[in-house]
Amino acid sequence: MAYETIIVEIEDHIALVKLNRPDAMNALNDTLLAELADVLTAAQKNDKVRCIVVAGTEKYFAAGADIKMMSDKSFVDVFMGDLFGAETAAIARVRKPIIAAVSGYALGGGCELAMMCDFIICSDTAKFGQPEINLGVIAGLGGTQRLTRAIGKAKAMDMNLTGRFMDAEEAERAGLVSRVVPAKKLMEEAMAAAGKIAEKSMISVMAVKESVNRSFETTLAEGMLFERRLFFSMFSTEDQNEGMTAFLEKREAQFRDR
Ligand code: CO8
C-alpha cells in the first residue's frame, strides 16, 4: 500500500518507517497517525519483520501534533472524535520491538511518539520538548505520563511547565534515551541495534517487551511474578533448548521462534 506521509522499507527482517511530511516538520496529523498505526499493525502480522525502526530526518523527528489541523477544533470535536485515540491505541498494541531513531526536533506529540516506541536512540543534535504549554494546552499523548516515568517528576515538571527543550546529552543523563550517537551515524546505529534484536528468538523478544511494559502497570511483587511466570514458560520452547545447547557447544544459536 502506498502511503502519503510515511515511507516504509522492509529489509533484513527490519521495517524502517520514515515519517515524511517535510512541509510541516513531520507534524502528526490524522493521516500520518492512521498510516503509522496501519503500517505498524501490518508489521506485527508480517513474519518477515522482526524489529521496527521509526525515524524522521536529520533535522527533525517530528515537531509535534499538527497545530494547523488542531487550531480551529472545539472541545466537542476533539472529545467526540477522540483525537488520535484509536491510532495510538493501535501503536501500543504492537508486540514487536520498535526503536525510535531521533535526530533534531522531537517536540510535543513528536517526543510522545518517540516515547511510545520501546527505546530511543538519538543523535547528538536531538532536542526533546513538551512545549504545548506555549500553545495554551498541555501534552496529550504521554508527555506528562511516560515522560514522568522516564525522567522523574522534577525534570518532567520543568519540561512541561517551562516548555524548554532538552538536548541529547541531558536526555541520556536523564534516562530518556538509551544511546546518543553522532548525527551521521544515527541510522547505522539504530539499524544495527534492530539487526541485533532480529537475531534473537521472537518469543523471548516479545516476552521482554511485554514484561518491561508490565512494570509500568503493576506493583513490584506482581511484576516479579509476571516475569517469573514468563521465564518459566520459556522452558516450553525449542528456542530455550537451542539457546542453551548452542552456548554449551560454543556455537551461534539458530533460533526458529518455536
Ligand atoms: N504543526 C504544524 N506545522 C508545524 C509544526 C507543528 N507542530 N511545527 C513546525 N511546523 C511547520 C511550520 O509552520 C513551518 O511551516 P511553513 O513553512 O509553512 O510556515 C515549517 O514547519 C517549518 O517550521 P519553522 O519555520 O517554525 O522552523 P524553525 O526551524 O524556525 O522552528 C521549531 C522549528 C522550533 C520546531 C518550530 O517550528 C516550532 O516551535 N514548532 C512547533 C513545536 C510545538 O509547539 N509542538 C507541539 C505541538 S502541540 C502537540 O504536539 C500536542 C500533542 C498532543 C496531542 C493530543 C491528542 C489527544
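A residue counts as near a molecule or strand if its C-beta atom, placed from the backbone, lies within 6 Å of that molecule or strand. The model is predicted: local features need pLDDT of at least 70, side-chain atom pairs count only at pLDDT 80 or more, and totals for chains, interfaces and linings use all residues. Residues are numbered from 1 along each chain as its sequence is written.

**View 1. Shell around the ligand.** The ligand has 21 residues around it, and those that come nearest are Ala27, Ala63, Gly64, Gly108 and Gly140. Helix 2 (67–71) and strand 6 (105–107) each contribute at least two shell residues; helices (H or I, at least four residues) and strands (E, at least two) are DSSP runs, numbered from the N terminus. By class, the shell holds 14 nonpolar, four polar and three charged residues, where Ala, Val, Leu, Ile, Met, Phe, Trp, Tyr, Cys and Pro are nonpolar, Asp, Glu, Lys and Arg charged, and the others, Gly among them, polar.

View 2. Six strands, in the order 1-2-3-5-7-10, make up an open sheet with mixed pairing; two strands pair if DSSP finds at least two bridges between them. Strand 1 (6–11) and strand 10 (179–181) are at the edges with a single partner strand each, so one side of each lacks a neighbour in the sheet.

**View 3. Strands 5 and 7.** Strand 5 (residues 98–102) and strand 7 (residues 119–123) run parallel and are joined by four bridges. Ala101 has Ile121 of strand 7 as its bridge partner.
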